[in-house]
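Here is a short briefing to read alongside the model. Please keep the viewer open as you go through the points.

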Amino acid sequence: KGLIFHVPEGECEVREKMVQPETFAVIPAKDRIQSIHYEFDYEIGTFSLEVDEKGEIRPVKGRRKALGMYVDGDSYTDIILVTSDGMGHRLPGYLFENIEGPVRLSNLFEYNERKTRIAGAFTGQPNVLLPEEILMGTSAGLIKRTELKEFLNAGFDFPVVKFRSDADQLIFARILDDLEENVILVTAKGMAIKFPAKSASLTGRIAAGVQGVSLKDDDSLVW
C-alpha cells in the first residue's frame, strides 16, 4: 500500500533449528512486502500523526493543532485504533515513520468506513507498560476504565468492550490522564452529567462496563 519502513534486526532471534519461522515484521492483513534491503546505519524514526473519524491517517504538517485525533511516537511505539464497533486494532509504529501523505485504514485492516468510525487513537510500547488507563463510553451510556497494557498485549485485532445490545456502539476511547479529573457525558437530547473519573470501576478489556448516565428510550450518548 506504499508504506516504507524499517524493522530492527533484533526482532528476529537466532534459533538452534531451522524451518519454523517467526513474525519479523507485522504486515497488515491487506498488504504484502514488495521489496527489502539491509541498512547498516539504522536510526529510529519518529512520527506525528492525526487520525480522523472516517479512517484516514496522515502526517501533521505545518499546523499547530491536528484536525482529528493526534498521536505521536517512534519506530518502537504501537498505535492503537479503537473503532465504534467495539474493536481495537494495534499497528506497529514503524509502518508510519516515513509516510508523506494520507493512508486509508481500510487498506490495512478490515474496516468499513461507511458503517464504522474511529472512536479513539493512542500510542504505547508493549515493553514499557506505564500505569495509564483508557476511558471508553458507548451510545447506551455505558462507561469503563481499562488499563492500557491490556490493549498492548491483546494481539493485533481484538474486542475492547462487551455491548449489551446490537444497537450499541462505542462513542469514545481516550487516554485517562488523571483519575481526579472530571468526566462530562452529553446526550443527544441535551442532557449532561459530570463526575470524577475514578467513580468508574476499573474493568477488564472485554467487560461491559457500568452505566455512566441514565437515558430515556429515545436518547443516546454522543460525547
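Leu81 stands opposite Ala121 in S7, and this contact belongs to the antiparallel pairing of S4 and S7, which runs over 6 bridges. Strands here are DSSP runs of E with at least two residues, numbered from the N terminus, and two strands pair if DSSP finds at least two bridges between them. This is a predicted model, in which local features need pLDDT of at least 70, side-chain atom pairs count only at pLDDT 80 or more, and totals for chains, interfaces and linings use all residues. Residues are numbered from 1 along each chain as its sequence is written, and side-chain values use heavy atoms, with hydrogens and water left out.

**The sheet around S4**
- Four strands make up an open sheet, ordered S7-S4-S5-S10 with antiparallel pairing.
- Strand S7 (118-124) and S10 are the edge strands, each with a single partner, so one side of each has no neighbour in the sheet.
- On average, neighbouring strands of this sheet are turned by 20° against each other, direction ignored; the angles are taken between axes, which are lines fitted to C-alpha atoms.
- On its other pairing, S4 (residues 78-83) joins S5 (residues 87-92) in the antiparallel sense over 5 bridges, with Ile79 bridged to Leu91 in S5.
- S4 and S5 form a hairpin with 3 residues between them, and Gly86 in that turn has a positive phi of about 85°.

**Burial of S4**
- S4 is largely enclosed by the rest of the structure, because 6 of its 6 residues are buried (under 20% relative accessible area, with exposed over 50% and partly exposed in between, using a 1.4 Å probe and protein chains only).
- In a regular strand, side chains alternate between the two faces of the sheet.
- Asp78, Ile80 and Val82 point one way from S4, while Ile79, Leu81 and Thr83 point the other way.

**Asp166, out in a loop**
- Asp166 sits in the loop between strand S10 (157-159) and strand S11 (170-176).
- With 86% relative accessibility, Asp166 counts as exposed.
- Asp166 and Asp85 are 81 residues apart in sequence and 9.7 Å apart in space, C-alpha to C-alpha.

**Ile184 and its neighbours**
- Ile184 lies in strand S12 (residues 182-186) and is partly exposed, at a relative accessible area of 38%.
- Together with Val222 and Trp223, Ile184 makes a nonpolar surface patch of about 290 Å².

How values were computed. Patch = residues over 30% accessible without salt bridge, like charges linked within 9 Å, V, L, I, M, F, W, Y side chains within 5 Å. Areas by Shrake-Rupley, 256 points an atom, 1.4 Å probe, with all protein chains shown as cover. Salt bridge = Lys/Arg side-chain N within 4 Å of Asp/Glu carboxyl O. Axes fitted to C-alpha atoms, helices over the stretch in contact; angles between N-to-C directions.
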